[in-house]
Protein chains: 2
Amino acid sequence: MTLNSADPAFVANLRRLLPPAAFRDISPAYLQEPRGRWQGQAGVVVAPDCTEDVAAVVRAAAKACVPIIPYGGGTGLVGGQISANGPAPVVLSLERMCAIRGVFPDENVMVVEAGVILADIHDAASKVDRLFPLSIAAKGSARIGGNLATNAGGVNVLRYGNARDLCLGLEAVLPDGQIWHGLKRLRKDNTGYDLKNLLIGSEGTLGVITAAALKLHPIPAGEGTALMTVKDPRAALNLLAMARDQLGEAISAFELMHRTGLEFLTEALPDLRQPFEVAPEWFVLIDVGLARGLNPSEALEVLFADAFEAGLVSDGTIAQSQAQRHAFWEVREQIPEANRRVGSVSSHDISVPMSVIPEFIERGGEIIAGLGDFRINCFGHLGDGNLHYNVFPLAGHHRDDHRNQRDAIKRAVHDLVDEMGGSISAEHGIGRLKVDDLERYGDPTKLSMMRAIKAALDPVGIMNPGVILRE
Amino acid sequence: MTLNSADPAFVANLRRLLPPAAFRDISPAYLQEPRGRWQGQAGVVVAPDCTEDVAAVVRAAAKACVPIIPYGGGTGLVGGQISANGPAPVVLSLERMCAIRGVFPDENVMVVEAGVILADIHDAASKVDRLFPLSIAAKGSARIGGNLATNAGGVNVLRYGNARDLCLGLEAVLPDGQIWHGLKRLRKDNTGYDLKNLLIGSEGTLGVITAAALKLHPIPAGEGTALMTVKDPRAALNLLAMARDQLGEAISAFELMHRTGLEFLTEALPDLRQPFEVAPEWFVLIDVGLARGLNPSEALEVLFADAFEAGLVSDGTIAQSQAQRHAFWEVREQIPEANRRVGSVSSHDISVPMSVIPEFIERGGEIIAGLGDFRINCFGHLGDGNLHYNVFPLAGHHRDDHRNQRDAIKRAVHDLVDEMGGSISAEHGIGRLKVDDLERYGDPTKLSMMRAIKAALDPVGIMNPGVILRE
């Protein structure tokens, strides 16, 4: 069906439906995305402060066949928050739906509106001595509705799962403007199809999430962090297996990093103090959160000693203070910023089955070497099989020098991922960036099911058109 | 669309498509269900041994508009495995798809076909020193495809989640006979809509699950079990909170039971040795699985001492051997069998938000008392908010004496559950048994979404018609 722009007549109609405070200037913030790949457009920006007003906007847009771009914190990396072409959309920001509707520490549950900033959820949880474990670099500006719409991952997935694993129920406005009241605070509810998980990860193409019931966790009694030097990625995998045998679910994060990451930090963020005198080729950051009665430093020492004995690690440092834990984590968390400053030719958010990670890294290196002279910064969430596999120019060169090689690099990396049973979007989603890739690598049956579901729930196609599925 | 019976012409066509070994006698086993509420029917029973043959059956049925009943172990409690009326269906049994396709202990993954019996998966996992934690009373005959189709729960949900939380990927045949190859062994994969979770819990109405990639877990280094007497359900909740603060995720199960359950065991299973000299009114079974370095008995002793100090528990026994652990668990696991022998007037598989459980039990008791003289056996998975709330005749009476009160009891219990934000099907699903209840209590927007999805994916309506959604 043909969509229409949010033209002055449509906007005038919206002004009759919503209070003046719901209207925002069409400021650049709503029209940009962090990669700078697209310049957005909007006919109007609205920020309702209640679910009923969100529903009113969606009903009006459905009636007028005007596209809607749901907008959270704007931190997505695949362009899902941007309308780059076609009729000018309604940008529907959730920024004013930022109430915490209820905290239930006895149940380990918090009910929040979609516009609450992730870091504010962390704070609200810690006020009742609980943990909301979803954590990503953009936590200070990302909003939970967007985190759920994109099924955000981050550093604690190994222990606590992705965003979808931390959500018990949703309230959402569907493409026809109906409100789904699904804010259940239940751990078990087998009453029909799992619409919650269908909306989570649908990137705003099936409806607008307006509120969520989130799972909280107990704060581990004792936390500890170590850096350990490993010979290669296979040794890192074996170290993870050993750590799990010893500590079970207590491994909160297990991040693999390469010397290239440290070199980029030196190059781009020289003020950051690095924890190594001599940079190792491969190393891991291990974070543990233990039950009462276990000492994290001792547990990490036992692990290190056993791993050293088994030839898996050659060196290691266990954080002796919160400040040192923070310093270790800074290394990991600043690598994406260093990458941005160095400027990648092509970056890839991929996952492969854990046991083939070493083979993937080896073959990937050979393939990239065959395409030219590049630096590879491969790092990420080893325990989830999720690597950020990013390809950079040599020192002294610029990404633009390799502009015409980008597609070949991306294709080669994604072909290898696909051959090895992996995913070309582990945690960032499809957005607009990977629509072609999804068509190329996605299972055809899955794609036809997805199109059938989209057509059934959003027959006019107003919800975030062009995201995930081609218009 | 009108459906047709699997008549002799259709069966003759199937015989051209499948090898003779794929055909089974229409034996009573395929036409019965454990509650004895329905007598099933079938035009033909087929048991293909490969996915391609499952697809051939579905394509043939789709072409001829013949209904299909996917059949696992036949242990479901809501009639989802039975066609009670309408055109005679194809009963499509997965019993010959029972290969374990791959075990990946490094990844904590096992890939199995849908017909593998749950207990065989447990055995295969323990052979590689891993745990597959999904556990239900019917584990000796339930098949994993059915466990996933119904999103089975069980006793370890508190720690490890429901069936859906233990599945990484699926292979399935869709209602048009297409095969979806979604057997990914990935922890992170954000490539489009979550079809895996849509199929899980759809009770065979959206397709036939043929294989699954399952998550395994490390076996906890030390396991322990205790029975503790609590004053009331609120004390049990507080005890759970204390246990979580002390032991984090290590609480594997936390089951609340009432004296009525022990009385039923005495009445129906007098040979079972009971662990109490004097039966307490309320008690809990706590199961812990701890990381290396912690002693389960000591941890349970500390918990008991602190809980005693806080006035939460008055008595307790910690299992001193595997035999004693087993004996404690027997009490819990035999209660459903005792219930069956006593014969309930009405039984309810419900959940409510955890913090309102005490209020639910109190108000439920008052409501039932207002309806007549009954015994209530309320027990279940407290940590999941999931209670089996079953209403029985007084001793010396028979369930049939109260036949005309069943509907009023069920309605009263479900009304209360609904009022308190709960679910009228916590873990058993909707099947045929609760279609009316789902229409009564389900969110209307959710129901209309479900119907739209069903119509989009199964326009002819051949997949398990009458289950979840009315035909």
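Reply: Copies are superposed by least squares on the C-alpha atoms of residues with pLDDT of at least 70 in both. That cut-off applies here because this is a predicted model.

Me: What makes the relation between chain A and chain B that of a two-fold axis?

Reply: Chain A is laid on chain B by a turn of 180 degrees with a shift of 0.0 Å along the axis, and the RMSD of that superposition is 0.0 Å. That is the relation of a two-fold axis.

Me: How do you know that the copies meet through the same surface?

Reply: Of the interface residues of chain A, 98% are also interface residues in chain B, so the copies meet through the same surface. The contact, counted from heavy atoms within 4.5 Å, takes 84 residues from chain A and 82 residues from chain B.

Me: How much area do chain A and chain B bury between them, and what share of it is on carbon and sulfur atoms?

Reply: The two chains bury about 7100 Å² between them, with 55% of it on carbon and sulfur atoms. On the side of chain A, the residues that lose the most area to chain B are Lys188(A), Asn190(A) and Tyr193(A), which together make up 15% of what that side buries.

Me: Why are α14(A) and α14(B) called oblique to each other?

Reply: The axes of these two helices, residues 444–457 in chain A and residues 444–457 in chain B, come within 9 Å and cross at roughly 135 degrees. An angle has to be over 145 degrees to count as roughly antiparallel, and 65 to 115 is the range for roughly perpendicular, and α14(A) and α14(B) are therefore oblique to each other. Their crossing is right-handed. The contact is made by Met449(A), Ala452(A), Ile453(A), Ala456(A) and Leu457(A) on one side and by Met449(B), Ala452(B), Ile453(B), Ala456(B) and Leu457(B) on the other; by class these are ten nonpolar residues, with no polar and no charged ones.

Me: Which handedness does the crossing of α8(A) and α10(A) have?

Reply: The crossing of α8(A) and α10(A) is left-handed, and these helices pack at an angle of about 65 degrees with their axes 8 Å apart. Their contact has eight nonpolar, three polar and two charged residues.

Methods: Residues numbered from 1 in each chain as written. Chains lettered and ligands numbered in written order. Predicted model: local features only at pLDDT ≥ 70, side-chain atom pairs only at ≥ 80, totals over all residues. Heavy atoms only, no water. Axes fitted to C-alpha atoms, helices over the stretch in contact; angles between N-to-C directions. Helix = DSSP H or I, 4+ residues; strand = E, 2+ residues; numbered from the N terminus. Parallel < 35°, antiparallel > 145°, perpendicular 65-115°, else oblique. Left-handed = near helix turned anticlockwise from the far one by under 90°. Nonpolar A, V, L, I, M, F, W, Y, C, P; charged D, E, K, R; others polar. Buried area = accessible area lost by both parts, 1.4 Å probe.
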